[in-house]
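Keep the sequence and the coordinates at hand while reading.

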Amino acid sequence: MYTASSSGSLMMPCTGALLIMWCCICSSRLFGKGLYFANAVGKSAAYCQMTEDGDYGVLALLEVALGDHHMCKKASSASARAATAVKEKGVGHTWAVGLQFPETPYEQLPDGCRVPCGRFKHDLNRLGTTKNDKLKGPGTLHYDEMIVYQKSQAKIRYVVTVKFGEKESYDLT
């Protein structure tokens, strides 16, 4: 079993989905079949299609044992092989790098779990300034995503029902 103590990195990102989709939340395949998390609540909220009668959505905050990562800078046909790369490298997750990310430091809970919070930063040069480091072009992600491939790496800590305002009135970051 992959645990926080063996990975050295415990984070509390969030995930969101339509109410009817919670039974198949790990069926996404952009970066391989796994559990997808974001460090931006707005990214997860975007997957919560609001109800017709109240603009409600369901979000989950989970403890996720991340460990070291396999990095993907773009969503492409090669991205689907990320799960294989994680297994071959012996790392804990895929980090799909986005243009927008929360500034550090994260809030650290007494149990060591890090919670992303604070203002978001937009940076094309977040990985460096050479042409190969820049985050731009087709397939560039707007927000970070972390993908784990073992269910034992994630434990639900909170499930919350959120009432959203007018779609145009809130910022997803």
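**Cores, helix and surface**

In this predicted model, the largest nonpolar core has 11 residues: M11, L35, F37, A60, L62, V64, L66, Y106, M146, V148 and A154. Three strands, β3 (35-37), β4 (56-65) and β12 (145-148), each contribute at least two residues to this core. β4 provides the largest share of the core, with three residues. Another core lies apart from it and has seven residues, including C72, A96, L141 and I147.

Helix α3 spans residues 82-89, and A82, A85 and V86 are buried in it. These buried residues line one face of the helix, because they fall within an arc of 100 degrees when seen down the axis of α3. After α3 comes G90, which has a positive phi, near 70 degrees.

The protein contains three helices and 13 strands, and 40% of its 173 residues count as buried. Of the contacts with a separation of 6 or more, 77% are between residues 24 or more positions apart. The protein exposes about 10000 Å², and carbon and sulfur atoms supply 54% of that area.

Definitions and conventions: Residues are numbered from 1 along each chain as its sequence is written. This is a predicted model: local features need pLDDT of at least 70, side-chain atom pairs count only at pLDDT 80 or more; totals for chains, interfaces and linings use all residues. Side-chain values use heavy atoms; hydrogens and water are left out. Helices (H or I, at least four residues) and strands (E, at least two) are DSSP runs, numbered from the N terminus. Buried means under 20% relative accessible area, exposed over 50%, partly exposed in between (1.4 Å probe, protein chains only). Contact means heavy atoms within 4.5 Å. Accessible areas come from the Shrake-Rupley method with a 1.4 Å probe; for residues, only the protein chains shown count as cover. The arc is that of the directions from the helix axis to the C-beta atoms. A nonpolar core is a set of buried Ala, Val, Leu, Ile, Met, Phe, Trp, Tyr and Cys residues joined through side-chain atoms within 4.5 Å.
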